[in-house]
Structures are given as structure tokens and as C-alpha cells.
Amino acid sequence: MTESAHILVVDDHRDIRDLLGRYLRQHGYRVSLAADGKELRRMIGGDVMPDLVVLDLMMPGEDGLSLCRWLRESHDIPVVMLTALGEETDRIIGLEMGADDYLAKPFNPRELLARVKAVLRRAQSLPTGRKRPLAGGEVHFDRWILDRNRHELRSDDDVVIPLSAGEFTLLNAFVDHPRMVLNRDQLLDLTKGREAIPFDRSIDNQVSRLRKKIEPDPKNPTIIKTVWGGGYMLTVPVISQ
């Protein structure tokens with residue numbers, strides 16, 4: 001993604017909106033501004049298709065969570081969410097709705113710029129093809145059903161398989177990108193985002209644990225295959241219900 005990426009800033013506070021618009025333009029980005037959800041929907045329904053949306057959580061009318069869910073279900077657009085709320089649950093809900101990152105108000109514009117650059121870099125690093133996550137609900141692959149609302153994996157004969165939070169997140173990354181080779185860095189970005197640590201080998205350990213739970217023969221995996229020199233690939237088709 002080049003410095004000329006198009007950023008759409010959505011915030012009902014005009015001073016914040018204008019400040020961010022000026023700051024991002026000074027750093028080489030093209031910027032559009034929207035005051036609320038109606039304006040966001042109208043612009044994207046018209047001729048505006050941004051590379052990233054900076055989205056305020058608390059706005060009159062349709063809130064940021066609903067708009068974030070709509071953006072991720074219907075468009076291939078990364079989202080950085082702004083929130084004045086400090087509660088951990090609000091951050092988690094925002095990320096579960098599909099936000100790629102979040103920033104609590106008040107914030108330094110330099111930090112927002114760093115987050116924007118990181119999210120754009122991660123979005124570009126994904127394999128070509130469909131990058132938008134599948135919608136919530138159930139997804140089927142091989143003989144497994146992943147219920148994203150319940151954070152639950154079960155077999156086609158209705159046996160529930162317990163997953164750790166890390167295993168659940170990693171499995172989501174694979175079913176979002178079926179039949180695509182994902183290297184370790186990409187999987188770290190998809191599962192840990194800005195908290196990822198260079199040379200982190202936890203992905204290999206989590207893949208090994210996942211294989212023990214979903215593969216007929218974990219020593220000879222056929223669902224999550226190793227691509228030598230490349231990474232890992234979910235080899236089976238994924239069906240969203």
C-alpha cells in the first residue's frame with residue numbers, strides 16, 4: 001500500500017474529523033470525511049471506496065459497532081476504531097465486530113498514523129484473492145462446524161471440541177483464507193495484530209495443537225498442510241451458513 005492510500009474518517013465531532021483529515025493529508029494520504037453512519041453509507045454506496053476507515057465508536061444514530069460489522073460483512077475495507085470508552089469489554093466487542101485495531105481517545109495523531117500504516121501494511125501482505133473475513137455464524141469445513149458466535153468447534157456428529165482462545169483465533173484465520181498459503185508473519189498479523197513479536201514461534205505450536213484436534217492423522221495432516229518454505233494452508237473448501 002502506498003502513501004497515497006485513501007482514508008475515510010468517520011466521526012461526529014467536526015474538530016476531530018478536520019484535525020485528522022489535515023494530519024493524514026500532510027502525510028501523503030488522500031482523505032474523505034463523514035459525520036455519521038448515514039454519510040458513510042452514502043459515500044461508499046456512491047463513488048468512494050477507501051483503503052481504510054477510521055471509525056468513531058460512539059456516534060448519534062447508527063453506532064460504530066454496527067457500521068464496523070456492515071463494513072466487514074459487505075466490503076473488503078480495514079477498520080481502525082476510535083473510542084472514548086476505556087472498558088476492556090468495549091475493545092473486545094469492537095475487535096469481534098471486525099475492527100483491525102482500536103485507539104482510545106484522547107490520542108496522539110502520530111500514534112493513529114502508526115496504527116493506520118500498520119493495518120494497511122497487514123492488509124496488503126495478505127495473499128491475493130478474498131481478504132474479507134467471512135460473516136459471523138457457522139462455517140463448515142471438512143467434517144467440522146465452527147460456530148463463531150459461540151466460539152465453538154463441533155464435529156458433524158455434534159461432538160464439541162474445546163479450543164483455547166489462541167486456537168480459535170488461528171482457526172478463524174484459516175477459514176477466512178481457505179486454500180491460500182499463509183506464512184508465519186501473516187498468521188501472526190491475523191491472530192495477534194500489533195501485539196505480534198518478531199520471530200514468534202507460537203504459530204507452529206498452535207498449528208500442531210489444532211491438528212491433533214481436527215486431523216484424522218495429525219502426523220500426516222490433510223486439512224492444514226505445511227507448505228515448505230511458505231507456511232500453512234487450509235486445503236479444504238469452507239462453506240458459510
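In the predicted model, five strands form an open sheet in the order E2-E1-E3-E4-E5, and their pairing is parallel. The edge positions are taken by strand E2 (30-34) and strand E5 (101-104); each has a single partner strand, so one side of each is left without a neighbour in the sheet. From one strand to the next, the twist averages 20°. Within this sheet, strand E1 (residues 6-10) and strand E3 (residues 52-56) run parallel and are joined by four bridges. Val10 has Leu55 in E3 as its bridge partner. Helix H2 (residues 37-45) lies across E1 and E2, and its direction makes an angle of about 135° with E2.

The protein chain as a whole contains eight helices and 12 strands. Of its 241 residues, 46% are buried. When contacts between residues at least 6 apart in sequence are considered, 58% of them join residues at least 24 apart.

Strand E6 (residues 138-141) pairs with two other strands, E7 and E12. Strand E7 (residues 144-147) runs antiparallel to E6 and is joined to E6 by four bridges. These two strands form a hairpin with two residues between them, and Asp142 in the turn has a positive phi of about 50°. Strand E12 (residues 238-240) is also antiparallel to E6, with three bridges between the two strands. His140 has a bridge partner in each of these strands: Ile145 in E7 and Ile239 in E12.

Strand E10 (residues 224-227) and strand E11 (residues 231-234) run antiparallel and are joined by four bridges. Lys225 stands opposite Met233 in E11.

Among the helices, H6 packs against helix H8 (residues 202-214), their axes coming within 10 Å and crossing at roughly 85°. An angle of 65 to 115 degrees counts as roughly perpendicular, and H6 and H8 are therefore roughly perpendicular to each other. By class, their contact has six nonpolar, two polar and three charged residues. On the H6 side these residues are Gly166, Glu167, Leu170, Leu171 and Phe174. H8 contributes Ile203, Gln206, Val207, Arg209, Leu210 and Lys213.

One of the charged residues in this contact, Glu167, belongs to helix H6 (residues 165-176). The relative accessible area of Glu167 is 3%; residues under 20% are classed as buried, so Glu167 is buried. Apart from neighbours within four places in sequence, Glu167 is in contact with Pro162, Arg209, Leu210 and Lys213. Arg209, Leu210 and Lys213 are among the H8 residues that meet H6. The side chains of Glu167 and Arg209 are joined by a polar contact of 3.2 Å.

Definitions and conventions:
Residues are numbered from 1 along each chain as its sequence is written. This is a predicted model: local features need pLDDT of at least 70, side-chain atom pairs count only at pLDDT 80 or more; totals for chains, interfaces and linings use all residues. Side-chain values use heavy atoms; hydrogens and water are left out. Two strands pair if DSSP finds at least two bridges between them. Buried means under 20% relative accessible area, exposed over 50%, partly exposed in between (1.4 Å probe, protein chains only). A polar contact is a pair of N or O atoms within 3.5 Å; within protein, one must be able to donate a hydrogen and the other to accept it, and residues adjacent in sequence count only if both atoms are side-chain atoms. Contact means heavy atoms within 4.5 Å. Axes are lines fitted to C-alpha atoms, for helices over the stretch in contact, and angles run from 0 to 180 degrees between N-to-C directions. Angles under 35 degrees count as roughly parallel, over 145 as roughly antiparallel, 65 to 115 as roughly perpendicular and the rest as oblique.
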